[in-house]
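Dear colleague,

I am passing on the structure below, and my notes on it follow. Please read them with the coordinates open beside you.

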Amino acid sequence: MSETVLEVQNVTKMYGDFRAVDDISFSIPSGVIHGFLGPNGAGKTTTIRMILEILQPTEGSIQVFGAGALAVRERIGYLPEEKGLYKKMKAWAIIAYFATLKGMSRKDAKHRAYELLERYGLKDFADKKTEALSKGMGQKVQVLASIAHDPDLVILDEPFSGLDPVNQQVMEEIIRDMAGRDKTILFSTHVMQHAERLCDRILLIAGGKKIFDGSIAESKKSLPRRVRIETEDSIDSLAQIDGVVELRAIDGEGAPTEARVGPHWELLLGDQLDAQAILEACFAKSIRLKRFDQSDPTLHEVFVHLVGPEAREASYR
Amino acid sequence: MKYAFLVALREYADNAKTKGFWIGIFLFPIILTISITVPEYLEDATPTRHFVLIDQSGEFVEVIEGGLNKLHLIDVVKDMQKYVAKHAKKPEGQDTKIDLEDVPAIDSMEAKVDEYLRTLETGPMSELGDAELEAMKKQVAPLLEEGAPEFEKPSKKFKLVGVPTEIQEEIDAQTGPDAPVLTDSEKIDLISESLRPYLSGEKKITVDGEETELFAAVLIPKNIQDVIIRPGPKMLAIQDRAGIQFWCTNVADNDLKKEIERVVNKEIRSREYLAENLDSVKVNNIQNTRVPFASLNPRKERGKEEVSLADQIRQWAPVGFVYLLWIGIFTITQMLLNNTIEEKSNRIIEVLLSSVTARELMLGKLLGIAGVGLTMISAWMLSLVVVLTVKSGPESEFAVQLFEVLKTSGLLPKFAVYFLLGYLIYSGIFLAIGSVCNTLKDAQNLMGPVMLIMIIPLMTMMFIPRDPHGVLATVMSWIPIYSPFIMMNRAAADPPMFDLVGTFIMMVVTAAFVLWMTGKIFRTGILRSGQPPRIVEMFRWLKAPK
C-alpha cells in the first residue's frame, strides 16, 4: 500500500517578478502523516493552493492520485489556514453542504453531518447557526466539514492554531484516527511539538525552496551530534579532544552566545566520537559537571539549523 | 454543472431566508393595496368641512351657497353612478355585469345632470331637494338587481356655518355706535386676527351641539366693488389681499377655494355684463357654447381611437415597472455582492475553490441569486394580479383599467426579459466588485460612483414617457447599462423595431461580455487579500490566459 498519493514535480509559481515557489519537487506516499513546515512567507499556502488546483503553477506539474485535484475532489479534504464559516447557516448544514460539494448525496451528507457532530461533542449545536458558536467550536465544525466525505488525502493548513489544549488534543486524535484508517495527511504547522509528535515525514521549505524532505529521524541527522554541559570550570581542554568539531558558548535555553563565559557550553561531535568519551574526559580533567546532556536535537533546533536566520521570524509568530 | 447547481441551491436558500427578502416580497402588495384603497377610502371618509363666511358687502352669500350646492350635486351624481354600477342587474344569460358604457339610462342621466348644471348656472343653484333625488332614484331603479340596498345620499363636503360668538362680537363692535373709525381693510384684519385660533385648531367651533374644527374662513370686504381688477389701459395695481381672503391651513384641498373663486367671479362678470347693457343669460349661453373636442391616438384600432384612462395608464404603467426593475435588480445584485464578500472575508472561498472551479462557483452564484430575483418578481407580479383582481370593480375604475392594460400590452413579458438582461449585466459588475474587495467597506468605496451612475434611469423615468422616441430616450436606450431600464420605460409606446431588436442584441452581447470579463476578474480577484487592486491591474488580469 505505498501508492503515491501526491506527486509534485519542479513546480514554480511566479507573482509578477516574485518567485513565491521555486522549483519544488516532492512526493507523498499513501498512509503517512506528512508535516509541511516553513517560516512565514515560505510558500506553504501557495504550494497547498496549487496542489488543490486553486492556483495554477507557472511551471511544473502536480498530480493527486494521478490526476488534477478537482478531478478527484471527492478524495481530498481541505482545511484552509484562515478559518471562517457562513454565519447564517446551521452547523450541520455547512458540513453537509461541503460534503455535497465533494460528491456526497444530500441525504448521506446530512446523516453524516449529524453523526460527526455527535461524535465530536457538538450534538447540541448541530441546529444552531454558526454565528452562535464560539471560535473554537466553529473551527471544529470546519474541520469536520473538511473530512465529512471521508477523503483519502486531507490537507490541513495550520489545523492547531486557535484551538485550546483540549481541542488540540482532539485535533491530534482526528489526525491519528485518519492515519490509522490508511488515509494520507499533509498538514502545515509552525508548532514543532505537534509535528514531532504526529509526523512520519516532514517537508521543510523556506524562501520558496525545498530545504528538507524526509523522516524526522533523518532530519535530526542533518544536525551534528552534540553534547551540552553546564559547569563553572574551564573546559578549553575539551576542545582538544579528537573528534570535537566545535566548542561554543550557549545560554540557558541553548541559543549560541557571543560571550565565552559559561556556564553553558555546547560541543559538536564528529561522526566517530562517542559522547561517552566526553564524559570520561570530564572526569579525567576534574571538570565538575552540573549538567550533562546528550539528547537528540529537537525538531525546533533542526528547523532553526536548516532555515537559518529566517527561522527567528517564524518562531515569534 | 452539478456543482454549480449545488452552489446555486445554497445561495438561494441562504438569501431566501433573509428578512430583507421577505420584506421586499410583502411590501409590494401592501403598498399596492394601500395605494388603491386609500384614495377610495379618503374620498368616502373625508368628514364634512365647516367654514365661515363673513361677507361685509352682503352680496355673495347666496352665490357661494349656490356653488356649494353644485359641488354637492356632482358628488351625489358620482355616487349614484357608482351605486348603479355596483348593483346593476346582470344581463340575461351572462355572468358578468353589464358594461355601463352601453346602458343608455346612465348616459342619459349624465347628460341630464350636465344640462341641469348648465341651465342653472344662470343663477345660484338651490340645494338638491328630496323630490329631485327621488326622481333620480326612480330613473335608475329599472337597472338595479333585486335586493339592491337603498341609495344613500353622500353628505355635503363643505358646509357653511354661523360665525362664532367671539367673532360676531368683533363684527358688532365694528358697526356699533361707539365703533372706532377704521378702514375696511383694517376691519378685515381685526376679524381675521380673532379667527386665527379657530383656523389653526387651537379653538373649536360648535355645530349642532358638537365641537368641531373650523376648516376655512372666507372674508369679503365691504368695498369689494372697488377692488375689482379690470384688464385694459387703466388697469389698477391692486393687492390680492384687498379682495376676498380665503383663510385655511389645508393647502392640499383646493375644492372650496376654487369653487368660491369661480362663483364669485362669475357673479361679478354677470354684473359687468348688466352694466354694459348686455343680456347676461345670452352671454352665459354664449360662454357655454363649444365645439366637440376628441383626443385620438392613431395607434389604436379603427373606431376606438379615443384616448381613455386606459391610455393614460398604458403610458405611465412602464414607469412603475422601471421602478420595480430597478429595485429588483439592485436588491438582488446587492445580495450577490454581500455573499461574495462574506465568502472572501471568511476565506470560505478557499474551501469552495478546492471543491469547485471558479467558473462553477460564479455560475452557481449567478443562478442562485437569479432564482431569488425571479421568486421575488414572480411574487410581485402574482400579488399585482391578485390585488387587481380583488380590487377590480366599480369602486376602482383604475384597477380595472390597469388590469386590462397589463393583459393586453405585453408589459409583463418585456419586464421579465429586461429584468433578466439587466440582472446579468449588473450582476457581472457587482460580482467583479465583490471579488476584488475584502470588506464591505472596500466595496462601498467602489459602489459610490457606481451608484451615482445607476441612479440616472430613476431620475429620467418620469420624462421618458412624455417623449418616448425623443433624443434622450433614444440615446439612453443605446447605453448598455441603461438600456434595460429605458427600453422598459418606452415599452408601452411601441419603440421602433430597430431600437427594440437592436438594443436587445446589444444587451445580450453586453451581458456576455461583462460576464466574460467578470469571469477573469473573479478568478484572480477572489483569492486576493489586502488592498483592492488598481484598475490597471484588473486590465492585466483580463489579458491573462487561463
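**Helix packing in chain B**

H10(B) and H14(B) are roughly parallel to each other, because the angle between them falls under 35 degrees. Please bear in mind throughout that this is a predicted model. Helix H10 spans residues 309–346 of chain B and helix H14 residues 411–436 of chain B, and the two pack at an angle of about 30° with their axes 8 Å apart. The crossing in which H10(B) passes H14(B) is right-handed, and by class the contact between H10(B) and H14(B) has 22 nonpolar residues, eight polar residues and one charged residue.

As for the chain in which this pair sits, chain B has 546 residues, of which 43% count as buried, and its secondary structure comes to 20 helices and six strands. Among the contacts in chain B with a separation of 6 or more, 77% are made by residues 24 or more positions apart.

**An enclosed helix in chain A**

The buried residues of H2(A) include Trp92(A), Tyr97(A), Phe98(A) and Thr100(A). Both chains contribute to the cover over the buried residues of H2(A), which includes helix H3 (106–119) and helix H4 (135–147) of chain A, together with helix H1 (2–16) and helix H11 (348–355) of chain B. After H2(A) comes Gly103(A), whose phi is positive, near 100°.

One of these covering helices, H4(A), packs against H2(A) at an angle of about 30°, with the axes 8 Å apart, and H2(A) and H4(A) are therefore roughly parallel to each other. H2(A) passes H4(A) in a right-handed crossing. On the H2(A) side the residues that meet H4(A) are Ala91(A), Ile95(A) and Phe98(A), and their counterparts in H4(A) are Val141(A), Leu144(A) and Ala145(A); by class, this contact has six nonpolar residues, with no polar and no charged ones. The spacing of such residues can be read against the helical repeat: an α-helix has 3.6 residues a turn, so residues three or four places apart point the same way.

Which backbone atom lies 2.9 Å from a polar atom of the side chain of Thr184(A)? It is the backbone nitrogen of Gly31(A). Thr184(A) belongs to strand E7 (residues 184–188) of chain A, and this threonine counts as buried because its relative accessibility is 2%. Leaving aside residues up to four places away in sequence, Thr184(A) touches Val5(A), the run Ile28(A), Pro29(A), Ser30(A), Gly31(A) and Val32(A), and also Asp152(A), Leu153(A) and Val154(A).

Asn10(A), although not a glycine, has a positive phi of about 45°; it lies in strand E1 (residues 4–15) of chain A and, at 43% relative accessibility, counts as partly exposed. Asp150(A), likewise not a glycine, has a positive phi of about 50°. Asp150(A) is placed in the loop between H4 and strand E6 (153–157) of chain A, and its relative accessibility of 30% means that it counts as partly exposed.

With kind regards

Notes
Residues numbered from 1 in each chain as written. Chains lettered and ligands numbered in written order. Predicted model: local features only at pLDDT ≥ 70, side-chain atom pairs only at ≥ 80, totals over all residues. Heavy atoms only, no water. Axes fitted to C-alpha atoms, helices over the stretch in contact; angles between N-to-C directions. Helix = DSSP H or I, 4+ residues; strand = E, 2+ residues; numbered from the N terminus. Parallel < 35°, antiparallel > 145°, perpendicular 65-115°, else oblique. Left-handed = near helix turned anticlockwise from the far one by under 90°. Nonpolar A, V, L, I, M, F, W, Y, C, P; charged D, E, K, R; others polar. Buried < 20%, exposed > 50% of the residue type's maximum accessible area, 1.4 Å probe, protein only. Polar contact = N/O pair within 3.5 Å; in protein donor to acceptor, adjacent residues only side chain to side chain. Contact = heavy atoms within 4.5 Å.
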